[in-house]
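Here is a walk through one structure. It starts at the surface and ends with the overall make-up of a chain.

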Amino acid sequence: VIEQDRPNPDSLLAAIQSEVARKRRGRLKVFLGMCPGVGKTYAMLEAAQREFKNGRDLVIGYVETHGRKETDALTAGLPLIPRRNVTHRDIELTEMDLDAVLARHPQLVLVDELAHTNAPGSRHPKRWQDVNELLDSGIDVFTTLNVQHLESRADTVRQITGSEIRETVPDSILDAAEIELVDLPPADLIDRLQQGKVYLPERAANAARNFFREGNLTALRELSLRLVADHVSVDTQEFHRAQTNAGPWKTGHRLLVAVSASPLSESLIRWTRRMADSLKCPWLAVHVENSRPLDDNSQSRLEKNLALARALGAEVIDTTDENLARGLLRIAQQNNASQIIVGKPLAANWLEWFRAGKLLRQLTRESGNIDLQVVRAEKTGAPLTRPCSRWRPASNWKQYVIAAGILTAVGLLNVLLLQFTGPRVPGFVFLLAVVLLALFLGRGPVLFAGAASALVWDYFFLPPRFTFIITSTEDFVLFGLYFVIAIVLGQLVARIRAQELAERQREERAIALYQLTRELAQAGTRDEVVWQLIGEVSRVFSASAAVVLPGKNSLAAHPDSSLTLTDKELHVAEWAFLNRQAAGKFTDNLPGAENLHLPLATERAVVGVLSVHLADKTLPLPRRDLLEACARQAALVLDRVALRAAGEQSKLVAESERLSNALLNSISHELRTPLAAITSATSALAESKSPEGGFDRKMIGEIQEASARLNRLVGNLLDVTRLDSGYVRPKFDWCDVGDLLQTSVHSLQRELAGRAVKVEIAEKMPLARLDFTLMQQALTNLLLNAVVHTPAGTPVLVQARQEVRNEKAQLILSVADSGPGLSPDLLPRIFDKFFRAPNAPAGGSGLGLAIVKGFVEAHGGQIAAANRPGGGALFTIRIPQTQAPPGEAPPAGTKPA
Amino acid sequence: MTQSTGKSGNTANISLVIDDEPQIRRLLRVTLEANGYTVFDAMNGNEGIVQAAQCRPDIILLDLGLPDLDGVEVLKRIREWSKVPVIILSVRDREDDKIAALDAGADDFVTKPFSSGELLARLRTTLRRSRPQSAEAVFRTGRFEVDLAARIVSKNGIEIKLTPTEYSLLRLLVVHAGKVLTHRQLLTEVWGPNAVGQTHYLRVHIAHLRDKLEDDAAKPKLITTEPGVGYRVIEQE
């Protein structure tokens with residue numbers, strides 16, 4: 001953000017404090033159970049009651065007691081945030097009111113059932129995402145979770161119990177959490193179940209009874225105990241690592257799992273995560289794209305698989321290769337993977353089995369020192385549909401019409417040719433046509449053209465004509481060869497073209513990113529960066545885009561944006577900005593929004609939001625990566641531009657400070673030099689004259705007085721200039737207040753001659769923290785003010801004391817005179833620059849009091865003027881004393897006396 | 001560079017004025033020569049350093065605001081080889097320069113504009129102090145007497161009890177009587193280099209010393225405060 005003025009320290013401080021608060025992430029405590037009914041909610045509420053008694057500021061965000069009396073009783077006294085009512089398809093649902101909790105911002109919030117799926121239309125699809133946001137905003141959370149809902153364990157639980165787990169939470173949420181196991185022996189649980197103490201939804205009652213078998217429960221219990229044990233051992237390992245400062249991974253392992261659009265991939269991914277967990281090693285999920293297009297169904301399943309891998313902590317890599325094994329091995333070698341994990345072939349049909357076998361053989365043959373793990377994958381979720389039909393026409397019907405049309409034309413040409421040649425020449429002409437078609441059409445139409453032309457050749461041209469019968473052996477062989485050549489050629493050309501296309505797409509991505517980088521590098525201002533970014537995104541993604549930047553009070557879209565954001569969309573952008581996460585369409589945060597909002601974030605700060613309107617139903621991974629890369633790049637440049645602007649601003653300030661100091665020094669020098677000469681010369685003259693009075697002596701006295709006054713005026717002018725420029729910075733030090741008053745009075749000996757000056761200092765006055773020189777000048781100015789404005793010979797009283805008000809100590813210095821006092825209507829203007837009372841005697845400049853005020857305020861203090869009850873003016877200076885005076889000095893002795 | 005001889009002939013003190021203002025140089029020359037000094041002058045720092053080496057002055061008057069070199073820098077270069085007393089001429093606003101110059105070894109400072117009487121008094125004090133003295137073990141001024149050998153302080157012939165710290169502080173000021181000692185110099189000498197910045201040690205002990213020594217601690221005659229710079233013991237002539 002470019003600051004026009006010098007930054008205000010208060011707003012800077014507030015920004016730093018909020019930054020600190022934002023950085024502190026809330027702590028998560030999970031009450032983990034093996035299955036419903038073990039008393040997680042009860043345990044959580046018990047813990048909450050303890051915290052509440054200890055004075056923690058906690059609220060109930062969402063707790064489901066299922067009407068159990070003991071549990072209900074435990075919620076007594078705990079403050080509750082009312083739930084939010086949602087109507088979905090005429091069903092009343094209640095959800096935690098996330099915004100209300102965030103607005104209330106307690107220290108701790110209770111949120112039951114972490115794995116819960118929110119009602120449609122909520123900000124996040126899942127409750128654990130709500131919890132994440134609460135943690136991000138610095139609120140601690142207590143929550144409950146059953147082990148079967150943990151993503152990496154869901155698979156195992158399904159194998160144990162045979163029931164499908166639909167609601168899962170990613171393991172990563174437990175990484176920084178404290179886990180408290182709520183354990184109950186299976187026999188006791190079954191007892192409780194039989195007594196009806198366990199809540200079960202009506203319709204699921206039968207299935208649930210099946211679930212609560214002792215064998216199942218024992219297995220689940222073991223699973224949850226092991227999870228907690230693993231978690232504890234991770235903690236100790238991390239502690240150990242922090243202590244020994246060793247490398248991040250103990251083993252040199254790095255797992256690589258092959259991911260495809262197959263639903264089998266899901267369990268493969270989970271298996272790898274468990275493996276990586278126990279090996280304490282990083283893992284990669286790799287998808288190898290080839291030229292065969294995926295249907296929408298497979299595409300979305302692939303993205304789901306990759307998203308799962310990412311959520312479980314994998315590094316996801318997307319590459320292109322026609323040969324799956326080669327692609328996997330290339331990525332494995334590039335990333336130093338130690339093991340490749342692939343699924344065991346599930347023979348759906350012989351072709352599938354053959355291809356999978358081929359992959360395994362090639363991997364085994366070429367993997368070298370990389371280990372190969374072949375894991376039996378489990379079918380989960382939706383029934384397996386053929387992800388992609390090999391023969392599915394990838395081209396639209398128009399291409400078939402074109403193919404048919406061209407073949408017809410070539411056929412007619414061949415009829416003409418047949419007049420002059422034998423029946424074999426038309427065959428070659430057909431072959432040529434098929435090859436040429438392959439250059440322009442998709443795979444399907446080319447195969448169609450190959451087959452159709454073969455049949456046409458046979459029927460119309462090969463003798464006997466107008467039958468499919470072939471008599472000569474030679475023709476039979478030729479026909480067979482034609483068929484094979486046409487199909488192989490068509491396939492080959494189509495594959496090369498598809499590869500070319502994929503290559504080109506990748507190249508386009510690379511070029512887009514390169515161009516953006518290059519253009520951004522040349523952009524010097526924020527507006528130029530925004531303009532380039534919007535132009536590039538619009539061009540590459542054929543989408544309208546907006547860049548939202550923080551303004552004075554709120555976020556606003558940049559005027560160069562090609563997309564107009566509604567208020568609702570601006571709110572989504574704001575959420576993305578505040579939470580440093582992508583939001584809106586294609587994300588898990590406010591997915592109902594129309595646009596995708598990507599935060600422009602660097603390590604240092606979030607500088608804005610890129611909002612893109614994409615009309616497509618899905619956002620394929622490569623496009624998403626490209627978009628995110630663009631956003632990252634732009635964020636870096638925007639940040640750099642802002643930093644540079646701030647740097648230039650501060651350089652400018654420093655430069656103007658330097659110039660102004662130089663000017664002040666030069667003026668001070670120029671004015672004082674002649675004054676010094678006058679003073680010195682007149683004093684010499686005065687001393688050389690005879691001590692008796694006389695005309696000369698009087699004249700010399702006048703010159704001396706005038707030059708002293710001129711000298712004071714020059715000093716005052718310089719002080720005012722320095723105060724105005726903000727260059728008066730007190731050098732705080734411990735000072736003896738008595739010494740301060742005495743020195744001030746002493747320096748005005750001549751001016752105060754003939755007056756009774758009384759200095760009163762409170763008993764046991766502690767040392768005060770102030771700038772001795774500045775405060776002495778302030779007091780001197782006040783005393784001079786008294787000298788000028790009160791009749792000669794009237795007394796002056798200078799006092800010092802310390803007062804403690806609201807536990808804050810203040811040093812109070814006052815100068816009181818016995819003159820005519822201050823006119824009440826002039827009081828408000830008395831400290832203004834160049835203000836002189838209309839009846840004021842000559843001799844002042846109207847600057848003295850303004851300087852006093854400036855110096856006092858530079859100390860963080862205040863000055864007030866008033867009239868004394870008995871007549872005369874009273875000036876009171878108050879300087880806050882924030883530090884306690886230091887203790888006694890140690891005895892000398894470090895140096896020999 | 002010009003030279004003229006004062007009326008006092010051979011016994012005249014040689015002074016060197018380093019100032020870039022011709023008027024100030026002229027004025028100082030007239031004042032100093034009228035009071036028996038031999039005067040050399042230099043109009044910038046480099047010339048001043050050369051002059052200081054060539055004409056072996058007894059005292060140097062150095063302006064801090066010189067066109068070519070900073071006055072403190074000139075002082076440091078002279079101090080590399082000479083202990084000649086140096087009095088700083090400065091303007092009020094440059095307290096920091098004043099302290100820097102004193103810490104760098106200047107003997108005193110005079111704030112512009114100054115009266116000739118004040119300047120001459122400072123010159124006399126500084127010169128007297130710089131002369132090799134017979135190992136005088138007793139310091140006397142006014143009614144005070146400090147017997148450095150016996151470590152006894154007395155006023156009007158009556159002994160005054162001081163704590164060891166107070167005595168070290170007073171001894172230091174008395175040994176350099178007439179000269180300003182900066183906070184840094186006092187703290188370093190009495191409490192050691194780690195105490196620099198702990199100005200409150202000084203404030204407290206100076207206040208105690210004044211309570212014990214001065215007739216009216218509120219109007220000190222012996223130990224005076226140089227605002228923002230340090231303290232000095234006044235020799236009553």
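Patches are made of residues with over 30% relative accessible area and no salt bridge, with like charges joined within 9 Å and nonpolar side chains (Val, Leu, Ile, Met, Phe, Trp, Tyr) within 5 Å. Areas follow the Shrake-Rupley method with a 1.4 Å probe, and for residues only the protein chains shown count as cover. A salt bridge needs a side-chain nitrogen of Lys or Arg within 4 Å of a carboxyl oxygen of Asp or Glu. Lys and Arg count as positive, Asp and Glu as negative; His and the chain ends are not counted. A charge is placed at NZ of Lys, CZ of Arg, CG of Asp or CD of Glu.

The model is predicted: local features need pLDDT of at least 70, side-chain atom pairs count only at pLDDT 80 or more, and totals for chains, interfaces and linings use all residues. Residues are numbered from 1 along each chain as its sequence is written, chains are lettered from A and ligands numbered from 1 in the order in which they are written, and side-chain values use heavy atoms, leaving out hydrogens and water.

Now the patch. R355(A), K358(A), R361(A), R365(A) and R495(A) form a positive surface patch. Helix α14 of chain A, residues 350-366, gives the most, with four residues. Helices (H or I, at least four residues) and strands (E, at least two) are DSSP runs, numbered from the N terminus. K358(A) sits in α14. Its relative accessibility is 48%, so K358(A) counts as partly exposed. Buried means under 20% relative accessible area, exposed over 50%, and partly exposed in between (1.4 Å probe, protein chains only).

Next, helix α12 of chain A, residues 296-311, which holds D296(A). D296(A) counts as exposed because its relative accessibility is 67%. D296(A) and K617(A) are 321 residues apart in sequence, yet 9.2 Å apart in space, C-alpha to C-alpha.

Look at the backbone too. K764(A) is not a glycine, but its phi is positive, near 50°. K764(A) lies in the loop between β19 (757-761) and β20 (768-770) of chain A. In chain B, N156(B) also has a positive phi, about 50°, without being a glycine. The peptide bond from K112(B) to P113(B) is cis, with omega near -5°.

Finally, chain A overall. Chain A has 25 helices and 24 strands. Of its 897 residues, 44% count as buried. Chain A exposes about 46800 Å², with carbon and sulfur atoms supplying 56% of it.
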